[in-house]
Amino acid sequence: MVTPQDKEKVIPFEFIPDKASETTNIDGKDYLLMNDAFYTFYQRSLGELSPFFLAIRDEKRILGCRCTVCGLVRVPPFVTHCPFCDFAPTEPVEVGQEGNMLSTPPITYFANSLFAARAPFGRGRVILEGADTALSTMLYTTTGILVPGIIKRGTEVKVIFRDERIGEITDIFCVPTAELTPQQIAEKGLQESELSWIAPAEPEFPEASAEDIAIYQRSLKEMQSLASEMSKSKRARKAIEGWKRDIAVKTRGGEFAMYIDDGDFRIEERKLESPDFVMACADPRTLLDGLSYKGAITDAVIMKRLWISKNMEFNTIFKLDRLARFLAREKKEQAAG
Ligand SMILES: [Zn+2]
């Protein structure tokens with residue numbers, strides 16, 4: 001049973017400020033600033049679009065509207081009268097749940113706070129079977145991180161329904177039909193829990209040469225010294241405030257552990273039994289460069305030089321880049337100061 005406490009709130013808990021105050025000094029005078037609340041809630045009607053969202057929520061069907069004169073099928077059914085036909089009425093019509101991408105979708109790796117928990121995702125327009133217009137949708141792959149090349153213009157995709165639906169457009173998303181079984185493709189109203197979210201296979205590295213091991217040991221030392229600088233930097237600590245992750249890092253020359261713990265950042269040469277996620281890069285200098293602010297780690301993931309085991313941990317990669325950037329900025333200021 002879902003108790004009221006378990007339900008997601010309109011305003012996520014982390015956006016609610018602590019009861020606290022601070023002092024600010026303006027022109028030599030101290031002023032007290034107090035955290036307080038001023039807000040309101042409202043309900044909005046989805047009006048004429050209600051049948052479209054109700055069909056998604058309750059029946060796992062996608063509705064469009066067909067013009068009774070020209071026959072054009074619009075999905076979503078955002079008009080009740082066709083502007084091309086002297087405002088002739090339209091009628092509701094159900095469309096298919098497979099379609100083709102109208103264009104190559106851009107991938108959002110850095111989403112605003114509303115969508116951060118869902119990133120990375122593709123955002124594109126799909127023309128469903130029986131429709132004449134394109135529906136905007138979020139796109140995922142079941143094979144790990146969505147990287148360029150998996151979904152392109154013309155790629156055939158299928159609508160997937162989330163298990164928990166409240167009647168909003170994020171109740172549905174699409175995945176390539178190439179990743180589905182014929183039975184799944186045939187099933188109407190396929191749900192996310194029916195998909196197999198394949199953990200992407202961890203990359204395997206060839207046997208390490210003496211040089212690989214030397215590179216690994218050198219890089220590890222440099223990363224450890226960077227990590228201790230980061231832990232001492234007030235600015236850098238901000239980047240990983242409130243974040244906790246144990247990460248296993250595998251490279252050709254050896255394996256080590258990275259610990260992020262609410263501002264503390266530590267690197268140790270040991271194998272983790274149950275890490276939060278795994279990072280793998282053949283050459284540890286990919287990660288070293290990232291932590292030294294010589295190239296973004298996020299770029300290394302997107303360019304497939306660095307592999308991570310969980311799609312949603314892209315968030316952590318983003319924080320590591322900020323950690324590097326904040327330390328570099330502090331050092332630069334100190335050098336200038
Ligand atoms: Zn028409």
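Predicted model: local features only at pLDDT ≥ 70, side-chain atom pairs only at ≥ 80, totals over all residues.
The protein chain contains seven helices and 17 strands. Along the principal axes, its C-alpha atoms fill a box of roughly 70 × 65 × 45 Å. The chain has 337 residues, of which 26% count as buried. Among contacts with a separation of 6 or more, 59% are accounted for by residues 24 or more positions apart.

The chain is divided into domain 1, residues 48-194, and domain 2, residues 210-336. Between the C-alpha centres of the two domains the distance is 37 Å. Contact between the domains involves eight residues of domain 1 and nine residues of domain 2. On the side of domain 1 that touches domain 2, seven residues are nonpolar and one is polar, with no charged residue.

Strand S1 covers residues 21-26 and is hardly covered, since the count of buried residues among its six residues is zero. Strand S2, residues 29-34, runs antiparallel to S1 and is joined to S1 by six bridges. In one of these pairings, Ser-21 has Met-34 of S2 as its bridge partner. The hairpin formed by S1 and S2 has two residues between the strands, and Asp-27 there takes a positive phi near 50 degrees.

An open sheet is formed by four strands in the order S4-S3-S6-S5, with antiparallel pairing. Its edge strands are S4 (73-74) and S5 (81-82), each of which pairs on one side only. Strand S3, residues 62-67, pairs with S4 in the antiparallel sense over two bridges. Within this pairing, Cys-65 stands opposite Arg-74 of S4.

Arg-165 is found in the loop between strand S11 (156-161) and strand S12 (172-176). When residues up to four places away in sequence are not counted, Arg-165 touches Ile-56, Arg-57 and Asp-171. Leu-54 is 111 residues from Arg-165 in sequence, and the C-alpha atoms of Arg-165 and Leu-54 are 9.8 Å apart in space.

A further hairpin is made by strands S14 and S15, with two residues between the strands. S14 spans residues 254-261 and runs antiparallel to S15, the two being joined by five bridges. Ala-257 has Glu-268 in S15 as its bridge partner. In this hairpin, Asp-262 takes a positive phi near 45 degrees.

In a regular strand, side chains alternate between the two faces of the sheet. Strand S15, residues 264-268, has one covered face, made up of Phe-265 and Ile-267. Asp-264, Arg-266 and Glu-268 make up the uncovered face of S15.

Conventions: Residues numbered from 1 in each chain as written. Buried ≥ 20, exposed ≤ 12 C-beta atoms within 10 Å, placed from the backbone. Pairing = 2+ DSSP bridges. Contact = placed C-beta atoms within 7 Å. Domains from an automatic or database assignment. Nonpolar A, V, L, I, M, F, W, Y, C, P; charged D, E, K, R; others polar.
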